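Q: I would appreciate a close look at one part of this structure, followed by a connected account of the residues that bear on the matter.

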Amino acid sequence: MFFSILLLAHLQAAIIPILLGIKSFKKFKHICNNELIPFGFIFLGLASISEMIDHTQTSWIYVDRSSLFNWLFYSFLSLGLTCLSISVIKNKFIQKTNFCISLCSIISYFLFDKTIALLFQVIISILLIINWQRAFKDWLIILYPIFGIFFTTFFGTRLSLSGDQFWHVLIGPSGTISVLTFYLILKRSNKNFT
């Protein structure tokens, strides 16, 4: 029973972003780089798929480790958040800077370790919040740091410290709330521009 719940928590974290990405194609034309939005969502879904594949190597027990699929998880997460972030930026220099930070996150995982990559992920998240708040001025953006950063980090830390897999089940849905928040902000902005 617990495995089914854990699997469902991971599946929804993969399927929902990919479906939102597909749904986003050729939409949100009022956003300067709207072609990046679907890729942002799809990359977030691919991150969850990579994590699921990594879990098959540990019998679905969370293990804080470095591996190819764990690297893919963080790489797709970085790319997804970066695509969403730069989708609202017109300045080419700032776009390239955001993308370079994403590449630093991806490369640093193997050159140094996961901790350094996570520091770049923090920068990516801060830039995403700043860029989206500037573009949309929507109070809903506060849900991203609450669910996508605070709760996922809290649940992940509890999982790492205790080993209690209950915390594992909560991480995916918390991240999905962030993804749904991004999509809702985009939908609300569409109404503001029409």
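Is Cys-32 buried, partly exposed or exposed, by its relative accessibility?

A: In this predicted model, Cys-32 counts as partly exposed because its relative accessibility is 34%, a value that lies between the limits of 20% and 50%. The cysteine sulfur closest to that of Cys-32 belongs to Cys-83 and lies 13 Å away, which is too far for a bond. A disulfide is a covalent bond between the sulfur atoms of two cysteines. The cut-off applied here is a sulfur pair within 2.5 Å, and Cys-83, whose nearest cysteine sulfur is that of Cys-32 at 13 Å, is in no disulfide. A search of the whole structure likewise returns zero disulfides. With regard to accessibility, Cys-83 counts as buried because its relative value is 11%.

Ser-108 is located in helix 4, which spans residues 92-111, and with a relative accessibility of 2% it counts as buried. Beyond its neighbours within four places in sequence, Ser-108 is in contact with Asp-113, Ile-116, Ala-117 and Phe-120.

Ser-174 is located in helix 7, residues 166-193, and is buried, its relative accessible area being 4%. The side chain of Ser-174 reaches the backbone oxygen of Phe-147 at 2.7 Å. Phe-147 is also among the residues that Ser-174 touches when those up to four places away in sequence are not counted; the others are Gly-148, Phe-151, Thr-152 and Phe-155.

Methods:
Residues numbered from 1 in each chain as written. Predicted model: local features only at pLDDT ≥ 70, side-chain atom pairs only at ≥ 80, totals over all residues. Heavy atoms only, no water. Helix = DSSP H or I, 4+ residues; strand = E, 2+ residues; numbered from the N terminus. Buried < 20%, exposed > 50% of the residue type's maximum accessible area, 1.4 Å probe, protein only. Contact = heavy atoms within 4.5 Å. Polar contact = N/O pair within 3.5 Å; in protein donor to acceptor, adjacent residues only side chain to side chain.
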